[in-house]
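Subject: Structure handover

Hello,

The structure is below, with the sequence. My notes on what was found in it follow.

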Amino acid sequence: MATFVDQVTLHLNAGNGGNGCVSIKREKFKPLAGPDGGNGGNGGDIVLVSDASTTTILDFHRRPHRTSENGGPGMGDFRNGFSSEELELSVPVGTVVKDGEGNVLADMVEPGIRIVVAAGGQGGLGNAALASSKRKAPGFALLGTPGWEGDVFLELKTVADVALVGYPSAGKSSLVAAMSAAKPKIADYPFTTLHPNLGVVQAGETRYTIADVPGLIEGASEGKGLGLEFLRHVERCSALLHVLDCATLEPGRDPVSDLDIILGELAAYPVPEGQVPLLERPQLIALNKIDVPEARELADFVRPDLEARGYRVFEISTASHEGLQGLSFALAEVVEEARAEAAEEAAAPRIVIRPKAVDETDFVVKVEGGSFGNIYRVLGSKPERWVAQTDFTNEEAIGFLADRLAKLGVEDELFRSGAVAGSTVVIGAGNGIIFDWEPTLTSTAELVTAPRGTDPRLNPNERRTNQTRRQRYVELMDAKAAARAELVREKEAGLWMDGADGLTERDYDAADGTIDTAEGTADGLVANDSVAADAPARRTGEGDHA
């Protein structure tokens, strides 16, 4: 079982909002006295609070799933549902909160910071709240929206004034135990420290904290040993104390070479933007284990070289406590200077919340290609929330949703994006809610589609007028007269009398009638109009035949 955790993923599920109620008030002699359905309650939020008394996030490692309560549903007689209380989760000071994509949501460097990481769902309105002068008795209510569901990432960064860095078994944990009341694990083998240790030191009137991180070795930036995994706890330190082992028995090691290797690994660690790089912060050197005679001689030998580099060097012994007092006051002096500089720095800019611009839309329409044509996706907080609040088993609720979307301008934007009646419209990310769009028509002019610079309404009218119909009728009558004249010539020539062509007088009469009927019907003329219009031509033809 883990005893120290500095990174954890929280799986959060905020409470859902309660549904609104559909109810009609009933009184004596008033069976339908109006709507009285109450509103649903809001779901509970999940809030992270930085607490100075909380020192670990181990509890979140053991129980990473957290859920808040749902809101209560509305009831009749104007009774609203209860709203659930928010769920507060205490985290240590110095916790960095990130979203699932790694973006920093909050850096909780001070006690009392609160952040809502999972908002509860909104309660739905009852039919009493939906009543208006145009909708006297709504037969529907709005559903409660679901609460936020997702993951947040917690990263604990120790808030300490001085960080102790050095090789494994250099005596860092022993130094923390000697200078403070902390009791870290101490043993005679490397990598005894597996997680940072904190200690509080009192030097005169100054009180500061020191942090011991697991030892670094050459190649730590490439993942060797414990790597740079725990150096996040050094980011907030004001000063660095290099603890060098002067009594090591490993061949090829000495305090100067150890220092060079540690400096190279620290340089490879990237600090967050806006913070001072680790190697640019105040640095002191402690030559440890001088209680061993050979170690004292080595410390006296390398001290001038280290001081020539500009370091303040202290020879100490965690076993005999020699030199610890001077080191303690020197560290207190560095911490006081860092605190004074921090106090003189300008305060962090305040977060200014500005109202949304008047012309800023609440949604956006994206055109996506599909196998059977374009898909028009509507993204926005309002449309997605309204869809989640709609009961699609109630036709009146669907109509109310359509009115809200049209009033918001969704249909106009769909039309500008190229959507036509029957196009596939999706509201929300992912699968969302899929519709076959049927636009709401307020006038025919709003659906005129034409290339830029043209308008089909300005095209010539190709519809037949009465004049064109009469002209067409006259042309047909002339054609019929010419056909009759041709038959007459054939009759006079005797072609239809001898039966050579199989023509008879009956055939002539039938053909003439068929032409009259077919042509009159094709022009949409009634029988009386056809006979009346054809009368002069018939009389003329018959007279000629006679």
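**Parallel pair β12 and β13**

Strand β12 (residues 239-245) pairs with strand β13 (residues 283-288) in the parallel sense, over 6 bridges. Strands count as paired if DSSP finds at least two bridges between them. Helices (H or I, at least four residues) and strands (E, at least two) are DSSP runs numbered from the N terminus. Across this pair, Leu 240 stands opposite Gln 283 in β13.

This is a predicted model, in which local features need pLDDT of at least 70 and side-chain atom pairs count only at pLDDT 80 or more, while totals for chains, interfaces and linings use all residues. Residues are numbered from 1 along each chain as its sequence is written, and side-chain values use heavy atoms, with hydrogens and water left out.

**The sheet around that pair, and its helices**

An open sheet of 6 strands has the order β10-β11-β9-β12-β13-β14, with mixed pairing. Its edge strands, β10 (197-203) and β14 (312-315), each pair on one side only. On average, neighbouring strands here are turned by 25 degrees against each other, direction ignored. Axes are lines fitted to C-alpha atoms, for helices over the stretch in contact, and angles run from 0 to 180 degrees between N-to-C directions.

Helix α4 (residues 255-267) lies across β9 (162-165), β12 and β13, and runs at about 140 degrees to β12. Helix α5 (residues 293-308) packs on the sheet and touches β12, β13 and β14, its direction making about 165 degrees with that of β14. Contact means heavy atoms within 4.5 Å.

**A second open sheet**

Another open sheet has 5 strands in the order β3-β1-β8-β5-β6, and its pairing is mixed. β3 (65-67) and β6 (104-108) stand at the edges with a single partner strand each, so one side of each has no neighbour in the sheet. The twist averages 25 degrees from one strand to the next. Within this sheet, β1 (residues 7-13) and β8 (residues 149-156) run antiparallel and are joined by 7 bridges. Leu 10 has Val 152 in β8 as its bridge partner.

**Buried residues**

Of the 546 residues in the protein, 38% are buried (under 20% relative accessible area; exposed is over 50%, partly exposed in between; 1.4 Å probe, protein chains only). Asn 127 is in helix α2 (residues 127-130) and is buried, with a relative accessible area of 0%. Its side chain reaches the backbone oxygen of Pro 138 at 3.4 Å.

In helix α3 (residues 172-179), the buried residues are Lys 172, Ser 173, Leu 175, Val 176 and Met 179. These cover an arc of only 160 degrees around the axis (taken from the directions from the helix axis to the C-beta atoms), which puts them on the same side of α3.

**Confidence and totals**

The protein has 12 helices and 18 strands. Mean pLDDT, the predictor's confidence in each residue from 0 to 100, is 79 for the protein, and 76% of its residues reach 70 or more. Among the elements, helix α12 (residues 527-545) has the lowest mean pLDDT (42) and β3 the highest (95). Over residues 187-194 pLDDT stays under 50, and the model has 18 contacts for them beyond four places in sequence.

Regards

Note on methods: Polar contact = N/O pair within 3.5 Å; in protein donor to acceptor, adjacent residues only side chain to side chain.
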